[in-house]
Amino acid sequence: MQLTKLEIKGFKSFGDKITINFNEGVTAIVGPNGCGKSNVVDAIRWVLGEQSTRMLRSEKMENIIFNGTKNRKAANLAEVSLTFDNNKNVLPTAFTTVTVTRKLFRNGDSEYRLNDVKCRLKDITDLFLDTGVGADSYSIIELRMIDEIINNKENSRRNLFEEASGISKYKVRKKQTLNKLRDTELDLSRVDDLMFEITKNLRSLEGQAKKAEKYTLLKDEYRQSSINLAYYRIADFSSELERLQGQESKLNKQSTDAQEHINKAENALKQIREDNLEQEKNVSIQQKATQEFINKIRNYESEKKLKTNSLRIFRIKKAD
């Protein structure tokens, strides 16, 4: 396995995207003070999962994002990618080229990518566990780390030997195993607490179960009783229905007879009305004839009266 390429964009002093190719035979990066050598090492450690801001020489993680200059605006994210040649299958993956990427956005969001596929930090840590490459490994050393090794600060020399001999990976696995054991013990303790609570509530649950069983039996008895009562009521309803049907038939017959009687009465009434109408016509004719006779009589009486008066006047004149 060989580191072949480092890509940095927006990380600390690297505002523009730069690519550093590690060709065969490259073992060190040298340059004057302030040119960014330490930032390159910080970028490598950061992309491999470094979480300590002290190791990155920063007060907080957001400060590693390029903060801009007088002539340039600040970057929105810091992005670093490491590319490894895996032709010898040192890394436990089927890919011959492995690229690890880490991004940090200014709003605090971050993500890890493995061959441009989003992953977890644990996936990257497990991938490089047996390779000697990691955020706290000595495969990449900066100048201050040499001083720490010489001065054996915080057992750095021992850590170097353990890493070189391959012991460190077992220590990491031991630490992970102990953490799992501790978590398991906590889970067991929690299980004991849960068992105590379950045992405490078991009697109450048993009582509730008995009540529920009794309720179920009573409910079934009530259901059966309701069905039997419904049968009895249906029988009574049948008898009552037959009686009501008989009454309905009788009433229907009476209604039919009454309707026939009404029809006959209506026919008779119609005939009477027709007779009355004929009689009224005859009466009207007779009244008209009578009125004509009365008028004639009145005319005769008027003529008679005139003639009588004329005769009386004639007699008086004749007597004179």
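**Group meeting talk: strands, core and salt bridges**

I198 sits in helix 5, residues 168-319. Helices here are DSSP runs of H or I with at least four residues, strands are runs of E with at least two, and both are numbered from the N terminus. This is a predicted model, where local features need pLDDT of at least 70 and side-chain atom pairs count only at pLDDT 80 or more, while totals for chains, interfaces and linings use all residues. Residues are numbered from 1 along each chain as its sequence is written, and side-chain values use heavy atoms, with hydrogens and water left out.

Stay with I198. Is I198 buried or exposed, or partly exposed? I198 is partly exposed, at 49% relative accessibility. Buried means under 20% relative accessible area, exposed means over 50%, and partly exposed is in between, with a 1.4 Å probe and protein chains only. I198 belongs to a nonpolar surface patch with V191, L194 and M195. Together they have about 340 Å² of accessible area. That area comes from the Shrake-Rupley method with a 1.4 Å probe, and for residues only the protein chains shown count as cover. Patch residues have over 30% relative accessible area and no salt bridge; nonpolar side chains (Val, Leu, Ile, Met, Phe, Trp, Tyr) are joined within 5 Å, like charges within 9 Å.

Now the strands. Two strands pair if DSSP finds at least two bridges between them.

Look at L6. Its bridge partner in strand 3 is L82. Its bridge partner in strand 2 is I20. Beyond four places in sequence, L6 is in contact with residues including F22, V40, I44 and V80. Contact means heavy atoms within 4.5 Å.

Next, the core. How many residues does the largest nonpolar core have? It has 32. L6, F11, W46, I64, V80, L82 and F128 have the most contacts inside it. Strand 1, helix 1, strand 3, strand 4 (97-105) and helix 2 (121-127) each give two or more residues to this core. Helix 1 gives the most, with 5 residues. A nonpolar core is a set of buried Ala, Val, Leu, Ile, Met, Phe, Trp, Tyr and Cys residues joined through side-chain atoms within 4.5 Å. In soluble globular proteins, nonpolar side chains tend to be buried together.

Take L104, in strand 4. L104 is buried, at 6% relative accessibility. L104 and L77 are 27 residues apart along the chain, yet their C-alpha atoms are separated by 5.4 Å. Among the contacts of L104 outside its sequence neighbours are W46, M61 and I64.

Last, charges. The count is 10 salt bridges. Each one is a side-chain nitrogen of Lys or Arg within 4 Å of a carboxyl oxygen of Asp or Glu. D16 meets R72 in one, at 2.7 Å from N to O. D16 is in the loop between strand 1 and strand 2, R72 in the loop between helix 1 (37-47) and strand 3, 56 residues apart. D16 is partly exposed, at 45%, and so is R72, at 36%.

R57 pairs with D42, the closest N and O atoms being 2.5 Å apart. R57 lies in the loop between helix 1 and strand 3, and D42 in helix 1. R57 is partly exposed, at 43%, but D42 is buried, at 0%. Finally, K103, E111, R113 and D116 are linked in a salt-bridge network.
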